[in-house]
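Please find below my notes on the two-chain model. They are set out as numbered points for checking against the coordinates.

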Amino acid sequence: MRLCQIALNNLRRRKSRVALMVVSLIIGVGTIVSVNAVVEAMKAELTRQMNEFGANIIIKPDSGELTFSYGGIVIPEVLFDVEKLSTADAEAIHQIPLAGMVRVVSPKLLGMVQHGKHHLIISGSNLPDEFALKPWLRLHSGERPEMGEKEEQAAGKDMAYEKLNLTREELSRLNITADQVLLGANVAMMLEKHEGDTLTFNDREFGIFAVLEKNGSPEDNQVFMSLSAAQSLLGRPDEVTLIEVSVDYSLGPEEILLRQLKNALPHAEVTSLRQVVLGRDEMLFRLTRFGVSVSVLVLLVGMLVVALTMSAAIRERTREIGIFRAIGFRQSHITKIVLMEGAVLSLVGGIAGYLAGMTAARYAGPVLAGMPLATPWRADLLIAAVLLATVTGLIASAIPARQAAKLDPAEALRFI
Amino acid sequence: MTEVLITMKELTKTYKSGNDEVQALRGVSLDINRGESVAVMGQSGSGKSTLLSIIGGLNPPSSGRIEIDGIDLYALSQEKRADFRREYLGFVFQQFQLIPYLTAQENVMLPLTTTGYSGRKKREMAEKVLCRVGLAGKMNRLPSQLSGGEQERVAIARAIVNEPPLVLADEPTGSLDSRTGEEIMELFTGLNREGLTVVMVTHNPENTRYMDRTILMQDGRLADNSADVLKLRTAGKRC
């Protein structure tokens, strides 16, 4: 006979109370686990989405309030008379002291042309750079290397930015001539054009080098050509509408780089998408804080239920504890028995809470978050859940344990 | 030569009940010898259970002093007193007071729980005393599966399993029929013959015939304040 046997036997005897306490812990721990799992998965998904957006700095003319949106990026309204960027500005980026952090600089000119009854968006740029920045762009005729990578990432196997293959398309074969274009999938469909056909803009004929695969991005609606061809076609020599830049922030300080860019291009507005990411992180942090607050509240309620239930159980066991004390159990032995009961309940509640929380996260998480989420089973979360439950259970048991240990045996046995 | 095991000097105990004070003991002085069996009788409220709880180290007196085997019981800390109870005392409570979710053997092993004995040794000790009280075949039964007399035997086995020099019994036959009560008293007599000191609170005058001495209590005092006068060692003592 050992103290733990007494604790276990007592728990076996009080099934309904035990069930109530375990369920309280399961709800508390399960809530925290599911919130944590969903938030982590949301962070991973947002990180993946940000990584897929290759450029993380946008340089555009300083425009005051006159803007329009290009693929989610707010840029100045080109038709108005505002400061303009030029190809020299793109060159200037390579001259800043922290140019080593810059991986890709892609200046581009945007404009509209008429083709028959259709207005088409022209995007002039250095296409290998454009494709390096936007790894989701693929030629329709090209192969599909490394299919399933997204699925692997969604499964949480590989979320590192560095692992993203930014050169999935063979960039060297994108050197198109001044009289060739690439068509976005929607444009090709709308114009019923295919690779090898020709198009005429402003009396100039262009051959269709390739059609892009449809990917749901704004590029589906654009016509791509070289920067010089676009400048010539649109009659805006040397001008660029915006410059997209891909920077590796692991190589240097973001703030200093941005300051250097602003100094180098005083007439331009330099926007770091990192700020957008940070904005999202801030939102996510608030979401996490809200989730944690709710979880802590639920956990406190669970703790209260456990404490009250154990307290009631101790009152029921007054005589029993009196007997233990009378036959030589120390106060510390009584405390140990009650704490062991709390620990056993916590262990069961922690493991079951983890399973319940993860199940909820896996099935309800994507619905609640409104995005596909990967919530893999995590050993660290299991350990954290069990530790959390144990600490909670022990704290909740501490007062009843003290209450039990302090019982006057003479009173408990009604000698008084 | 008789050796005094318990010495009580001018024990008083006062309880507070609201604004009132109740004097449960009013200066009890008494010696009990090693190997003696003593019955404590008296009406309800006479202070006999209070006296038993004070001897048992469960209830500090308001004043006075009690020594058991030369140890000043209430000079010990609470935890040391718990150790003392484990080593020196066995309790047999009213209505058996067995733990309902433990088997007979586990109930008997309870006082050994906090000792350093191995599990095997504990089991052997429990089996030995259960055999001694005639329950060899019912060790694995829960209290609810035992008769009243059997439960009382388990309670006695629990009280003697660590071989204490002193057993305190509070109305051990109160819940039993007369035949079973006699069997239990014979069991106590046998243990007393083996050297165990027994102090028993009882309402049943029949039980005093099994004891060396009977003490009468009245209003918190020994009946005439002289234990010797109340010595009822009778020629008709049973067994």
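The points below go from the conventions to the chains, the interface and the salt bridges.

1. Conventions. The model is predicted, so local features need pLDDT of at least 70 and side-chain atom pairs count only at pLDDT 80 or more, while totals for chains, interfaces and linings use all residues. Residues are numbered from 1 along each chain as its sequence is written, chains are lettered from A and ligands numbered from 1 in the order in which they are written, and side-chain values use heavy atoms, with hydrogens and water left out.

2. Chain A. Chain A has 13 helices and 13 strands; helices (H or I, at least four residues) and strands (E, at least two) are DSSP runs numbered from the N terminus. Of its 416 residues, 50% count as buried, where buried means under 20% relative accessible area, exposed over 50%, and partly exposed in between (1.4 Å probe, protein chains only). The accessible surface of chain A is about 19,500 Å², with 59% belonging to carbon and sulfur atoms; areas come from the Shrake-Rupley method with a 1.4 Å probe, and for residues only the protein chains shown count as cover. Taking contacts (heavy atoms within 4.5 Å) between residues at least 6 apart in the sequence of chain A, 78% join residues at least 24 apart.

3. Chain B. Here there are 6 helices and 10 strands. Buried residues account for 55% of the 239 residues in chain B. For chain B, 70% of the contacts between residues at least 6 apart in sequence join residues at least 24 apart. The accessible surface of chain B is about 10,300 Å², and carbon and sulfur atoms hold 44% of that area.

4. Extent of the interface. The size of an interface is often given as the accessible area lost when the parts come together. Between chain A and chain B the buried area is about 2,600 Å², with 62% from carbon and sulfur atoms; this is the accessible area (1.4 Å probe) that two parts lose on being put together, summed over both. Chain A gives 28 residues to the contact and chain B gives 30 residues.

5. How many salt bridges does the rule find across the interface of chain A and chain B? There is 1 salt bridge, a term that requires a side-chain nitrogen of Lys or Arg within 4 Å of a carboxyl oxygen of Asp or Glu. It joins the side chains of A:Arg330 and B:Asp83 at 2.5 Å, N to O. On the side of chain A that touches chain B, the elements giving two or more residues are helix H1 (3-13), helix H10 (318-326), helix H11 (331-369) and helix H13 (409-412). The residues of that side divide into 13 nonpolar, 7 polar and 8 charged. In this scheme Ala, Val, Leu, Ile, Met, Phe, Trp, Tyr, Cys and Pro count as nonpolar, Asp, Glu, Lys and Arg as charged, and the others, Gly among them, as polar.

6. Helix H2 of chain B. B:Glu79 lies in helix H2 (residues 78-88) of chain B. Leaving aside residues up to four places away in sequence, B:Glu79 touches A:Arg325, A:Arg330, A:Gln331 and A:Ser332. Its side chain reaches the backbone nitrogen of A:Ser332 at 3.4 Å. The buried residues of H2(B) include B:Glu79, B:Asp83 and B:Phe84. The buried residues of this helix pack against H10 and H11 of chain A, together with E4, E5 and strand E6 (89-92) of chain B.

7. Salt bridges within the chains. Over all chains the structure holds 27 salt bridges. One of them joins the side chains of A:Glu316 and A:Arg14 at 2.9 Å, N to O. The pair links distant parts of the chain, 302 residues apart: A:Glu316 is in helix H9 (residues 273-316), and A:Arg14 is in the loop between H1 and helix H2 (15-52) of chain A. A:Arg14 is buried, with a relative accessible area of 12%. In chain B, the side chains of B:Arg34 and B:Asp69 meet in a salt bridge at 2.7 Å, N to O. B:Arg34 is partly exposed at 32% relative accessible area, and B:Asp69 is partly exposed at 31%.

Conventions: Polar contact = N/O pair within 3.5 Å; in protein donor to acceptor, adjacent residues only side chain to side chain.
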